[in-house]
Amino acid sequence: MTDAALPRRQPFALRFPSVMIFLAILALFTVGVTILSEGFGIGVISTSFIKTLGKTLCLCLVALAMDLVWGYCGILSLGHMAFFGIGGYAIGMWLMYARTEIIVLESLAAAELPPTAQEVSDGIATQIFGVVGSSEFPPIWAFAHSLPLQLAAVIIVPGLLALVFGWLAFRSRVTGVYLSILTQAMTLALSLHLFQNDSGLRGNNGLSGLQNLPGLDDVPQATVSLWFFWASALALGLGYVLCAWIVSGKFGSVIRAIRDDEARVRFLGYPVEAFKLVIFTLTAVIAGIAGALYYPQAGIVNPAEIAPIASIYLAVWVAIGGRGRLYGAVIGAAFVSLLSTWFTGGQAPDINLGFYTISWVDWWTVLLGLSFVAVTLFAPKGIGGLVDILIDRKSPNRHGADLGPDQGALREQEADK
């Protein structure tokens, strides 16, 4: 058979039109927000809400990473917000250093003699670490002066931490709830370390003033917020395409098989630990990138952002949206994030019952927990299940006799297809 007679494989965009639909919706949303913004549009949407939307897009990106590692590979990681926070710290170190350097140089400009490099360095260190009683740079700040190196750290540090942790855990074949506990312990240990003043990252003070871009004091925040909003939208779009490409091919089939029946996949000769390690490391890098875009919009990053509860919230978002569906993760993160902003921002009216007043600022976490329980019990497909109904997406026929020792991995009717 000649090459011309061989069937041509359709382009990725044609085989998976949902990806193009998502990108089109994201593009329209980005253009619409830009037109309505204060920076380049008619001023209907405030700058603070633009930042909220930008942060929401970043949370959607880290939710994609969580869905890839949990919804598709079956690894319930309760530590991915640690990688998210590390990405924020990595870019925050450069932002604080560069911003403080400008302030120090301006203050030393009036001196009779030009300041030496050591005097400038000491001045920067005193400004940054004076709050924790120090005036010297910790070793981890060795490259804080370089934007390219700190951008590299956004990728390398979360990826390396995930690689080492994953290699140790997966080679020992730790699975299920035990792996979840280990990831949570890693997150807790990192959070507790960062709370210490001698951690090198200002303890519980964290890194602040990250919304001020060095050398751009003349640029209004309305414009800067839009820049970050565009960057967040671009990162989410690229992240969605990457995740969709991963789960659409043979690699995606293997990780789904690992989720359904890890022992059988190992018996078939696939290096299960290698597949899990690749997914765990890749999603940690995606989370780090999301954090690097999120915290300059938030303005501050501190150890509380890395606490285990943050990773639990992330799992709740994905579950509510519908795990095992990339669009479900995005919907869940966006829905819960914006709803949280409304309830905790004082915009939701309190309910006076006469004998008690329900303040949503205090009751939001309870409502979120109840929503998670309700979704788990009554709508395991999450909000994404509603999309399945609209597009008439049907689940595979799972009826028939089991073709192995474990239930649910493969059934007769599926094997016949």
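I'm calling a residue buried under 20% relative accessible area, exposed over 50%, and partly exposed in between (1.4 Å probe, protein chains only).

**Ground rules.** I'm working from a predicted model, where local features need pLDDT of at least 70, side-chain atom pairs count only at pLDDT 80 or more, and totals for chains, interfaces and linings use all residues. Residues are numbered from 1 along each chain as its sequence is written, and side-chain values use heavy atoms, with hydrogens and water left out.

**Salt bridges.** I looked for a side-chain nitrogen of Lys or Arg within 4 Å of a carboxyl oxygen of Asp or Glu. That rule gave me seven salt bridges.

**Arg-259.** I found it paired with Asp-260, N to O at 3.2 Å. Arg-259 is partly exposed at 33% relative accessible area, and Asp-260 is partly exposed too, at 36%.

**Glu-262.** Which helix holds both Arg-266 and Glu-262? I looked it up: they sit in helix H10 (residues 262-267), four residues apart, about one turn of the helix. Helices here are DSSP runs (H or I, at least four residues), numbered from the N terminus. Arg-266 is partly exposed at 22%, while Glu-262 is buried at 18%.

I then checked Lys-276, whose side chain also makes a salt bridge with Glu-262, at 3.2 Å from N to O. This pair links distant parts of the chain, with Lys-276 in helix H11 (residues 272-298) and Glu-262 in helix H10, 14 residues apart. Buried or exposed? I noted both Lys-276 and Glu-262 as buried.

**Network.** Salt bridges link Arg-173, Glu-262, Arg-266, Glu-273 and Lys-276 in a network.

Note on methods:
Helix = DSSP H or I, 4+ residues; strand = E, 2+ residues; numbered from the N terminus.
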